[in-house]
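Here is a quick walk through one model, written for someone who would rather look at side chains than read tables. Keep the viewer open as you go.

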There are 2 protein chains.
Amino acid sequence: MYSSNTHSLASVFQQAEYKLGGHGPRNMDILKEAFASVDGETDADMYGQGKVIGDLERKMAGYLGKPSAVFFPSGTMAQQIALRIWSDRKSSKRVAYHPLSHLEIHEQRGLHELHGLEPVLLADADRLIRLDDVTGMPEDVACLLLELPQREIGGQLPAYEELEAIAVHCRDRGIKLHLDGARLFEVLPYYGKTAAEICALFDSVYISFYKGIGGIAGAILAGESDFSEESAVWKRRHGGDLISLYPYIVTADYYFDRRVDKMAHYWAGAEKAARLFNACRRVVTVPEVPVTNMFHVHIALPPEQVEDALVSVARASGVGLSSYVKPRGEGSCFELSIGDRLDLIPEEKLEQAFKLLDETLG
Amino acid sequence: MYSSNTHSLASVFQQAEYKLGGHGPRNMDILKEAFASVDGETDADMYGQGKVIGDLERKMAGYLGKPSAVFFPSGTMAQQIALRIWSDRKSSKRVAYHPLSHLEIHEQRGLHELHGLEPVLLADADRLIRLDDVTGMPEDVACLLLELPQREIGGQLPAYEELEAIAVHCRDRGIKLHLDGARLFEVLPYYGKTAAEICALFDSVYISFYKGIGGIAGAILAGESDFSEESAVWKRRHGGDLISLYPYIVTADYYFDRRVDKMAHYWAGAEKAARLFNACRRVVTVPEVPVTNMFHVHIALPPEQVEDALVSVARASGVGLSSYVKPRGEGSCFELSIGDRLDLIPEEKLEQAFKLLDETLG
């Protein structure tokens, strides 16, 4: 957190009657709601075995169009393991990804410290990986990881044709292609493809249950059966093969069923919210027109001023637009992911909030 | 599982009215009971931060008498990390433990594959590590891990004076001492010590919430503050720093409060059950007199015969003595951990079951 106003912005946001992003508060009702209708006599999973974990793994394998899937407690674990497997198979320590990949900036160099892998960073930090970047990679790269959408640049996506060309190139060169699909469900409406169609371009796929789906935590790593078997061994090595993972599995399944078909609706909400932001002075969104339910808001004013503005807007309109602001060069930014909450804001409240934002920033 | 009768034994045990070991079925009521009285508006923990995780970490640090504690999803993760930290500090890859340590037999060589550490195995597989084994260790061992009680040999314990002598030796030689305290609560009555008194002998301590405590999963790694800070970085690297761990934290805390003071009672139950087993022909328990709530049952008959006997006993008396049997040399064995269930068995049923067992094995 950046400035002394931050705490005040966070608490004003917390108390605001309406909130622009997300599905709702991250509180224990998420668990309690999902378990309310669960029969308490249902058997727990045991070390990766049992109906509750097997059923979700089979369901997600089917959804992703892969022969096999393994449930993991986290994406950090699942993705390091995917890259390690591909690295071992090619006997090459080099794997390629974006400079702002989760593996590069949020995992304390776990991929190197635990697996000894060496990243090849493709593209500039502020743009997508392009076919050119991929064709220019060293030959000994074992695996290319692509994140769809690229979260740290606002959730951008390559054209589908470029994705296909990248996949063809990798296949021709014996480079495995791994999908960081933390937000895969969210990209399906834009591409107009099924998850299985997109995943067919990739050798291995990770998806998350707590972004658009809104579960507590948990991930799936999917691929061929031998890949999954190896990944389960690595899950044990990482300490992720918990005696029981059902608290995450039951909630993942519950919220998957409730939200996976709402992604087009969230995307439309993001387009609408981005239009409202872009109509304010000193504000641009990235991307200008969102391609998923998420985007970044860039404001050409220092964080202190933007925080004050967001506090004023929330107090006067009852609408919290963001709980935080980060510095970005001379200006400020924050991230938004649209979920269930947007629909709860009365239209006139939303208009009032953005009118106030424009005036306060102007 | 060994023979074709196993499935039948497991299902007969499952249906038996009474069961000798454990607290109860591993089903989702364990979660539902603990969460029934939780306010759904309680905030989730977020990446290791927040009241729910901080409160339990402080409580357990206090209980264990250590300055700091970190909650982990699993002991596999916590212990590899403890050994890695001590290894890095001494710049030595060598760590020492028992040949039947969890790290050696249940973790798919994670310690080597992820951390590059090389175990020095002390003692023979069928006995405890003794002071002699420790004084004979190579000088460059970074850390000695001791498991109290040693689970795979029936839950045996060294004399407290020997434990103290091992600790003094390690301290004098600059060898860190780590406690695998998966069943630490269970050993306190036998030693007549507090957890803090025992932990004072060790530089780092792991405890588990799903053995005697009966939670869903989860572990604590405790030590000095700088050790904990490092362990939290490694937790992130391992993929264990989940966005929210509260399903395990809330249940750990709930069952800790309900069971931590019942360990002497469970131990007394184990002594009684072991006496009953030892009175049967061809049966000995290891240890003969339990020192915790657990022991192993060795039977000088092949598994098929023992399974048939256990099936007959359960059908005739309604008491399930074990859900499984493993081969051991020419004979058989199984493990028992006494918990809440023993008290539910009427005395005459218990006597009937063991009388039948003796007759069937004789």
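Predicted model: local features only at pLDDT ≥ 70, side-chain atom pairs only at ≥ 80, totals over all residues.

At what angle do α13(B) and helix α15 of chain B pack, and how far apart are their axes?

## Helix packing in chain B

Two packed helices are described by the angle between their axes and the distance between the axes. For α13(B) and α15(B) (residues 347–361), the angle is about 35° and the axes are 9 Å apart. On the α13(B) side, the contact uses K272(B), A273(B), L276(B) and F277(B). Facing them from α15(B) are E347(B), L350(B), F354(B) and L357(B). Sorted by class, that contact holds six nonpolar residues, two charged ones and no polar ones.

Helix α13 (residues 263–278) of chain B also meets helix α9 (residues 184–191) of chain B, where the axes come within 8 Å and cross at roughly 80°. A crossing between 65 and 115 degrees counts as roughly perpendicular, so that is the label for α9(B) and α13(B). Here F185(B), E186(B), P189(B) and Y190(B) of α9(B) touch M263(B), A264(B) and W267(B) of α13(B).

## The nonpolar cores

In soluble globular proteins, nonpolar side chains tend to be buried together. In this model the largest nonpolar core has 137 residues, and the members touching the most others are L144(A) and L144(B). Setting aside residues up to four places away in sequence, L144(A) has contacts that include A96(A), L122(A), I129(A), V134(A) and M137(A). Also on the contact list of L144(A) are I166(A), C170(A), I175(A), K176(A), L177(A) and H178(A).

There is a second, separate core too, with 46 residues. Among its members are A82(A) and L221(A) from one chain, plus V70(B) and L103(B) from the other.

P149(A) sits in the loop between β5 (143–147) and α8 (160–173) of chain A. In chain B, L148(B) and P149(B) are likewise linked by a cis peptide bond, with omega about -10°, and P149(B) is in the loop between β5 (143–147) and α8 (160–173) of that chain.

Chain A also has a couple of positive phi values at residues that are not glycine. Y47(A) has phi of about 50° and lies in the loop between α2 (29–35) and α3 (51–64). With a relative accessible area of 33%, Y47(A) is partly exposed. R109(A) has phi of about 60° and is found in the loop between α5 (102–105) and α6 (110–115). R109(A) counts as partly exposed as well, at 47% relative accessibility.

Is V311(B) buried or exposed? At 8% relative accessibility, under the 20% cut-off, V311(B) counts as buried. V311(B) belongs to helix α14 (residues 303–317) of chain B. Leaving out neighbours within four places in sequence, V311(B) contacts S8(B), L9(B) and V12(B). From V311(B) to S68(B), 243 residues apart along the chain, the C-alpha separation is 48 Å.

## What the record says

An unreviewed UniProt entry annotates residues 43–298 of chain A as "domain: Aromatic amino acid beta-eliminating lyase/threonine aldolase". In the model, that span is 45% helix and 17% strand, and its end C-alpha atoms lie 49 Å apart.

Definitions and conventions. Residues numbered from 1 in each chain as written. Chains lettered and ligands numbered in written order. Heavy atoms only, no water. Core = buried A, V, L, I, M, F, W, Y, C linked by side-chain atoms within 4.5 Å. Buried < 20%, exposed > 50% of the residue type's maximum accessible area, 1.4 Å probe, protein only. Contact = heavy atoms within 4.5 Å. Axes fitted to C-alpha atoms, helices over the stretch in contact; angles between N-to-C directions. Helix = DSSP H or I, 4+ residues; strand = E, 2+ residues; numbered from the N terminus. Parallel < 35°, antiparallel > 145°, perpendicular 65-115°, else oblique. UniProt positions renumbered as here; feature names shortened; annotations may be inferred. Nonpolar A, V, L, I, M, F, W, Y, C, P; charged D, E, K, R; others polar.
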